[in-house]
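Confidence is treated before the individual elements.

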Amino acid sequence: MNHQTGDPESRSIMFMSAEAWGLFLVACLMLNLAPGPDLIFILSRTLGHGRKIGFAASLGVCSGALVHVMAAALGVSAILATSATAFMIVKYVGAGYLVWLGAKALFSRESVLPTEAKPKKQLSAWVAYRQGVLIDVLNPKVALFFLAFLPQFIPHDGTLNGHQIFLDTVLLGAIVIGVGLVIEAGFIMLAAPLGTYLRNNKTVALWLDRAFGGLLVSLGAKLALTD
């Protein structure tokens, strides 16, 4: 990336060219629009329990992503990139959690969507938040993504000290997460009315649960097979 010359501070990401910032923001947009475990989880919680729970799930996912950003900034994520054992442990735990969540929906005899005839206990915002955090934290691919993606926009010519590199990494990661929050909010607002409609269509709702459950199980299996 092109940066202005000068003292170390002037060569931080704050002085990236407009073209570099444009490339970064477009990359953030495309990466957050790509379907994955996070988005599927948020949609399933929104359809099943409404906007409030959907936003709680989104905040949980973003909190988990922030953990990875801080780990990348501190260099901890490098352990996952260099240690096969550490990567495998996190990978299998994360894959198992996805499969467990998916199996609950896939083999449930009733839809998670409440009906007028038989209301279902509302999922708490805290539980949805906690599940979102775990789904993201236990995905080593997210850790490796931040470790590989963020440094591409930070100068590596020796002009920055460790403190500035840490701050730049955290700032870029926060922007990625912020873009994700906006995109997820859009999906939540679109999905919530559909959840209301499905409450009066028990059969459709049940098969939708099966579909989301199957997606989570397949994503868990895919994660388990990641090298």
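A contact denotes heavy atoms within 4.5 Å. This is a predicted model, in which local features need pLDDT of at least 70 and side-chain atom pairs count only at pLDDT 80 or more, while totals for chains, interfaces and linings use all residues. Residues are numbered from 1 along each chain as its sequence is written, and side-chain values use heavy atoms, with hydrogens and water left out.

1. Confidence. The chain has an average pLDDT (the predictor's confidence in each residue, from 0 to 100) of 79, and 79% of the residues score at least 70. Residues 1-10 fall below 50, yet this stretch has 24 contacts in the model beyond near neighbours in sequence. Residues 114-119 are also below 50, with seven such contacts. Where pLDDT is low, the predicted coordinates should not be read in detail.

2. Thr169. This residue belongs to helix H8 (residues 162-198); helices are DSSP runs of H or I with at least four residues, numbered from the N terminus. Thr169 has a relative accessible area of 7% and is therefore buried (under 20%; exposed is over 50%, partly exposed in between; 1.4 Å probe, protein chains only). Leaving aside residues up to four places away in sequence, Thr169 touches Val69, Ala72, Ala73, Leu150 and Ile154.

3. Helix H6. Residues 125-137 form this helix of 13 residues. Its buried residues include Val127, Gln131 and Ile135. The buried residues of H6 pack against helices H2 (37-49), H3 (51-74), H5 (84-106) and H7 (140-149).

4. Leu33. Helix H1 (residues 18-33) contains Leu33, which is partly exposed because its relative accessible area is 39%.

Note on methods:
Helices (H or I, at least four residues) and strands (E, at least two) are DSSP runs, numbered from the N terminus. The expected span of a helix is 1.5 Å times one less than its number of residues.
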